[in-house]
Each structure stands twice: as structure tokens, then as C-alpha cells.
Amino acid sequence: MTYPLGDPGFEVDWHSDFATPFAGWRQWLGDATLIHRTTDSYLGDYACNLTVTNGDSAGIFRETYVPLNPSDLTNFTWRLNEMGASTSNSHIEIHLEGGYVLYYMLGSGGSTSMTNGSSWAYILAPQYNTTGTWNHLVTNLTYVAQQVFGLGVGHVVERVVLTAFAPTGQRVSILFDEMQFVDGAPPVIDSVGFSPGTPMYYDDVDVSVYVHDNRTGVRDVSIEFNNGSGWFSVPAVETGDHYVAIIPAQPFGTDVSFRVLATDNGGLTGADDNGGIFYSYTVADDLGPTVTIDTPGHTTDVEGTVWINVTASDDGSGIDHVRFLVAGYVNHTDSVAPYQYQWNIDLVPLGAYTIEVKAYDGVGNVVADSINVTVVDTIDPLLDTPSDLTFDEGTGGQSVVWHPEDLRPDSYNVLIDDVIIRSGIWNSSSETISISLDGLSAGVHNVTCVVFDKAGNSVSDTVIVTVNEVTTTTTTTTTTTTTTTTPATGTGMPMELLLLAGVAAVGIVIVVLVLVMRSRGKPT
């Protein structure tokens, strides 16, 4: 914006003649020898010095023809070193097209006429009559022209004039430097948006914004974002008709706020912070966890007590809990790794089962894994071993008692000498199997108990039972006959056979007695 004033800082060391003491600047009035270049500058190496005395005046001007923009500002720098009395004065004249003139009074002796007219006006600079310090005239000429002359926008500044005057006996000295028109408005920022609208923890966020500057143009655009640990800046890249910046992915649950900054080539920076509340979003999580059943293996046989071990993870909201389900029933919920459940299979019927685990993350996303197992039983029942027995034939109250144990009891058989004499069902809580030995014949017998569980596992125990034989003596009045009867082994002689044997014996005795009597009665 400084180009209309050619050499705004009076740095260029050339001139065409005394009427052109500085590059682009010409003599306005007075004595050209009173226009000096000085090293006492505000910026750079040089400044313009107008020092006048005793009725002298000096001035320079620059043809500008600057089309006024409502955002344009003056940025004129001066330092008033001396200001005489009476009509002494120094001012900056702004000549607008149409013959309108604004006189910005930098200092005066107090007798200077400052009466406004329809096409001119005197305005006291904010640092009016301040000496010894560098001051700045920063003003919006469009606004002033509207207020003073009722002009609209779009007028042209035709020239800028710098002057100093000292009446007789007075002295005025003033320095001018950096006579610039500057862009007073930062870039315009609008249509700020970001994508995706609900960013996930794995998403980079694209911030899109339209930025324009009609005067000096856009120099750079950036996004400043805060993730709770401080402010960070990322540059925006011009893409077609807009700018795009990327906010890197943030952890789940992070509250991110951001604003847009844009700087023009005049160094003015504008910010869009959404009216002071910032643009913002909260990082979400739409992905389910990962979950795997480590043990037991799929399609394996299981029995006893089994640990179901699970690996679960979630990079977003984290694992909240893992649910363990067997046969459709919730068995266990674990919220702390390692995730596991101890399954007591001894209490479960035999057969096929599905083990399913479900992992839930912090926002309710759920993922499941399942395996199939078969509950088996390869362990034989327990059966105690009663002591062998010996007793005399005919002794009553003799028996063998077993106490089997198993978590899945089923049936039993009792055998005597390999012949099944009893079968039945037994239970796992208080079962006893008792066999009476009454009536068992003399001899040595094997009494065996066999128990089965529901898996077909079995165990047996045999008790050796010895039944001693008993001897019986029979006496008559005439003849003593000793008869020894030995019962058969096994289950004993049937009663009918015993009766027949007794009758036959009695008959034989009678026949013997008759023959004896007859022999005694014969004559000698």
C-alpha cells in the first residue's frame, strides 16, 4: 500500500532538481533549500526535515491518486521539535478529488486561523503540539470524509502535502518519516467447516475455510487448536478457492477447540474464533474392541475345572468389561485384565456347549468371540473295598456294604460267583449298596459289585466270602447210625430233595429192623 507515496521513508538518495528533493516528492511552496534530509529518522536511515524561521515556509507534496477503500488507513509518522508562537504551524494536507481538503494540524502557535468551509476542514491531530516524540497519524480517510463532507465511499486521494510555516521572529522544525497508506482491515474469514463432523480417535480432521483480502492479498492462513494440553498451530494450504488445514487425530474423549488465523501481505491478522466460543468437537469411538478366547481351544474336550482365558483390547475408549456366557447364560463379568472365568465342569451335564465372550468398550461397542467344546468325563467312579468275610454256615445277619462315589452316578450290578443277583440305580450323595449273605451255602464265594457313571466309566470290587461247613449227629435206641450231610456249594440243596432223602433213610432203617427181628425168632 506504500507505492503511491513512492519513497515513504525518504530513503532514496536521488532527486532531479531542487524542486524534487526526494524520490517521488516535489517542492510544494517556500524555499527548497529549507527541505533537508536527516539521519534523525524513525525507521531506516533517513527522514525529511522542514525547519523554517522568520516568515519562511517549506513544503513537499506527492501526487498519489489513491482510490480509497473503506479499510484503508493513513500511517504518517512525524516528530515536532520546535513550534513557534503566533501563526506558526505545521500540518499534513490530504487533497481529495472534487476539491476537498483535510488539514491535519500537527502543531500551531495559537493564532492560526482554523475555520472550516464546505470543501475544507481543519482537524487537530491526536498528538497536536506534542514535541520531542515520534507520533503517528492513523486515520480512516473514508470515514472522516463521510463525517466532514458527507461523501460516499470510493473517492480518490489526489495528493499528500507536508508543510511548515514560521512568521517573523519565530521558528518551526519538524521531521517526517514513513508516510504510508496501509490496509486497515485484516483478511476476511468465512465458511469455516471441518470433516468428519464427528471425528473418531483414528481420524485426522480436515478444516476447510474461505479467506480473502481485497487490498494486499492473503499471505498465510493457519489453524490453532487446543486439545487440553495447550495450543498448537498447523498451516493451511490453499486448495482451489479455499484453504485446508489438518488437525491430527486425537485420543478418544479429547475435547478439541480451534480458531482460524489469516494474515494479509500488509501484516494484518484476522481471527475467526466462532464468536469467542471457538469451533469445537469431541473425539468419539465407533469401532468395537478386539476379543479372542485363548483357552480352551475350539472343538476340544473339557472336564474338571477349566479356565476360560480371554484377550481383549480397544484403542479408542478402552475395554469396559468382558462378559462370559455358557449355554446362553451369563456366568461371569470381568472388568479387569487379565479377563478370565473359572468354569467348574463337574457340575455340568455331559455334552456339547458353546462358550461365548463379549467385550464391551467404554461407549458400548461390543464384539463377540465363541468356541465349541464337549464336556466329557474320563474319570472312573470311586468304590471302597470292604474286607473279606468268613462265617459258619447258617449264621444270620451277614452282608457286604459298598459306598460308591461319583459326580455323575448311573447304575450298578452285584454278582455272586459271576451271576448277577441285583441291578439298580445309585446316586452321588448318600448311596450305599448292601447285599445280604444269609442262606449262602458252605464254600468260598466271590461277591462282586460293579458301579457305572453316566459316561460309561466303571469300577468294581470283589469280596471273598468263606462259609464254613457245619457237621450234624443222629442217635437211635437200637442202632446208632452217623450220617454226615455236606450241602452243595453254590446257592444250597433244594428242600424237596432233602425231604426225599430223609424218607428213604427211614425206610431203610425199618427194613433192617424187620430182618433182625425175624432172625431172632427162628428156632435153634
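A residue is called buried when its relative accessible area is under 20%, exposed when that area is over 50%, and partly exposed in between. In this predicted model, Y42 has a relative accessible area of 35%, so Y42 is partly exposed. By the same cut-offs, buried residues make up 39% of the 524 residues in the protein.

The secondary structure consists of two helices and 35 strands. Of the contacts with a separation of 6 or more, 66% are between residues 24 or more positions apart. The accessible surface comes to about 26700 Å², and carbon and sulfur atoms account for 53% of this surface.

The structure holds 14 aromatic pairs. One of them joins Y42 and W134: the ring centres are 5.7 Å apart and the planes stand at 55 degrees, so this pair is tilted. Y42 lies in the loop between strand 2 (35–38) and strand 3 (47–53), while W134 belongs to strand 9 (residues 134–137), so that the pair links parts of the chain 92 residues apart.

Y103 and Y122 form a stacked pair, with 4.8 Å from centre to centre and 15 degrees between the planes. Y103 is in strand 7 (residues 100–108) and Y122 in strand 8 (residues 120–124), 19 residues apart. Y103 is buried at 17% relative accessible area, whereas Y122, at 26%, is partly exposed. Elsewhere, F194, F258, Y279 and Y281 form one aromatic cluster.

Charged groups also meet rings. The charged end of R37 sits over the ring of Y46, 3.8 Å from the ring centre. R259 lies over the face of W231, at 4.6 Å from the ring centre.

As for cysteines, C48 has 0% relative accessibility and is therefore buried, and C449 is buried at 0%. The structure holds zero disulfides.

Conventions:
Residues numbered from 1 in each chain as written. Predicted model: local features only at pLDDT ≥ 70, side-chain atom pairs only at ≥ 80, totals over all residues. Heavy atoms only, no water. Disulfide = S-S within 2.5 Å. Buried < 20%, exposed > 50% of the residue type's maximum accessible area, 1.4 Å probe, protein only. Helix = DSSP H or I, 4+ residues; strand = E, 2+ residues; numbered from the N terminus. Contact = heavy atoms within 4.5 Å. Areas by Shrake-Rupley, 256 points an atom, 1.4 Å probe, with all protein chains shown as cover. Phe/Tyr/Trp six-rings, centres within 6.5 Å; stacked < 30°, edge-to-face > 60°. Lys NZ or Arg CZ within 6 Å of the ring centre and 35° of its normal.
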